Amino acid sequence: MARLTIGIRDTGAYSTRGTGKGGLLAESAAILRALQRGVAPAELRAAVLAGRILPQRARVTREGILKRLAHRLLDHGQPWIFEALLAALDQGERSPEFLSSLLLRYALQDRLVFDFVTGPLWAHWCEGRLGVDRDDLLAFFDQARDEQPQIGRWTEPTRKRLAGDILSCLRDLGLLEGTQRKRLIRPVLPISTAEHVLRVLIGEGKRGAEILEDPTWRIFLCTPNDVADVLTRLSQTRRIGFERAGSHVVLHTPADWVTLT
């Protein structure tokens with residue numbers, strides 16, 4: 001089945017792209033800082049392969065990391081997202097702003113991860129079942145096989161490795177905690193990352209109350225009331241206008257958010 005990635009949200013078939021070594025926080029920061037210093041995007045791959053940006057010894061390892069991070073952080077083609085990532089990084093590699101931005105990009109750029117987080121993990125959170133393990137993802141793979149038949153071609157070692165890697169990445173990026181036994185925790189959602197989410201949704205054509213109810217906010221384990229609270233705080237910065245009275249929502253955002261360019 002052909003894989004389609006449209007703009008800032010992966011809409012293609014589930015894949016094993018999520019295999020890797022955790023959240024790659026330091027590597028993400030190194031790639032972004034290199035671009036911030038003036039390394040041209042066309043020169044980035046050569047610089048990484050030459051060992052001038054990433055510390056890993058093996059060239060093939062550096063190349064694999066770049067491929068994953070380019071898809072996650074750069075291939076969306078949106079200058080404003082790149083600027084938002086740099087602004088978050090300026091707060092520090094371990095800052096809530098940067099961690100939450102990386103979590104958002106990871107989930108949006110991998111449909112499998114997005115569907116798992118906003119489906120089974122969201123259900124766990126709502127039901128108060130905070131424990132999460134590899135079997136939850138393996139069960140998710142089985143449930144998705146009818147709509148995603150390529151899953152049936154994945155070997156058992158591939159399924160287990162992918163499940164473990166996704167859980168490790170979600171832990172590194174602040175949605176889970178623990179090593180052998182992982183638990184859901186609510187990630188911090190700074191107003192800068194909330195603005196990032198909101199701008200994505202506005203660009204996708206969402207308006208009014210459907211903004212509050214969009215499942216994208218579930219990445220941060222937010223209910224519609226939680227979203228209203230964070231948008232109220234965002235409105236206090238005068239970046240947006242937001243009012244909510246019952247089911248009636250008034251939301252004003254900058255005109256250039258309407259088009260994803």
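Reader: Phe140 has a relative accessible area of 9%; is Phe140 buried or exposed?

Author: Phe140 is buried, with a relative accessible area of 9%. The term buried means under 20% relative accessible area, exposed means over 50%, and partly exposed lies in between, with a 1.4 Å probe and protein chains only. This is a predicted model, in which local features need pLDDT of at least 70 and side-chain atom pairs count only at pLDDT 80 or more, whereas totals for chains, interfaces and linings use all residues. Residues are numbered from 1 along each chain as its sequence is written, and side-chain values use heavy atoms, with hydrogens and water left out.

Reader: How many aromatic pairs are there?

Author: In general, a pair of aromatic rings is described by the distance of the centres and the angle of the planes. Rings of Phe, Tyr and Trp (its six-membered ring) pair if their centres lie within 6.5 Å; planes under 30 degrees apart count as stacked, over 60 as edge-to-face and the rest as tilted. By this rule the structure has three aromatic pairs. One of them joins Phe116 and Phe140, which is tilted, at 5.6 Å centre to centre and with 55° between the planes.

Reader: Which parts does the pair of Phe116 and Phe140 tie together?

Author: Helices (DSSP H or I, at least four residues) and strands (E, at least two) are runs numbered from the N terminus. Phe116 belongs to helix α6 (residues 111-127) and Phe140 to helix α7 (residues 134-144), so this pair ties together parts that are 24 residues apart in sequence. Phe116 is buried as well, at 1% relative accessibility. Together with Tyr14, Phe116 and Phe140 form one aromatic cluster.

Reader: What is the geometry of the pair formed by Phe141 and Trp154?

Author: Phe141 and Trp154 are edge-to-face: the centres are 5.6 Å apart and the angle between the planes is 90°. Phe141 lies in helix α7 and Trp154 in the loop between α7 and α8 (156-172), so the pair ties together parts that are 13 residues apart in sequence. Phe141 is buried, at 0% relative accessibility, and Trp154 is buried too, at 14%.

Reader: Which residues of helix α2 are buried?

Author: In helix α2 (residues 41-49), the buried residues are Leu44, Ala47, Val48 and Leu49. Their cover includes α1 (25-37) and α3 (59-74). Gly51 follows α2 and has a positive phi, near 80°.

Reader: Ser101 lies in helix α5; which residues is Ser101 in contact with, leaving aside its neighbours within four places in sequence?

Author: A contact means heavy atoms within 4.5 Å. On that basis, and with those neighbours left aside, Ser101 is in contact with Leu85, Ala88 and Thr193. Helix α5 spans residues 96-108, and Ser101 is buried there at 4%. Gly128, by contrast, is exposed, with a relative accessible area of 52%, and is found in the loop between α6 and β3 (131-132).

Reader: What does the radius of gyration say about the whole protein?

Author: The radius of gyration is taken over C-alpha atoms, and the globule rule is 2.2 Å times the number of residues to the power 0.38. With 261 residues, a compact globule would have a value near 18 Å, and the protein has 18 Å, which agrees. The C-alpha atoms fill a box of roughly 55 × 45 × 35 Å along the principal axes. The protein has 11 helices and seven strands, and 48% of its 261 residues count as buried. Among contacts with a separation of 6 or more, 65% come from residues 24 or more positions apart.
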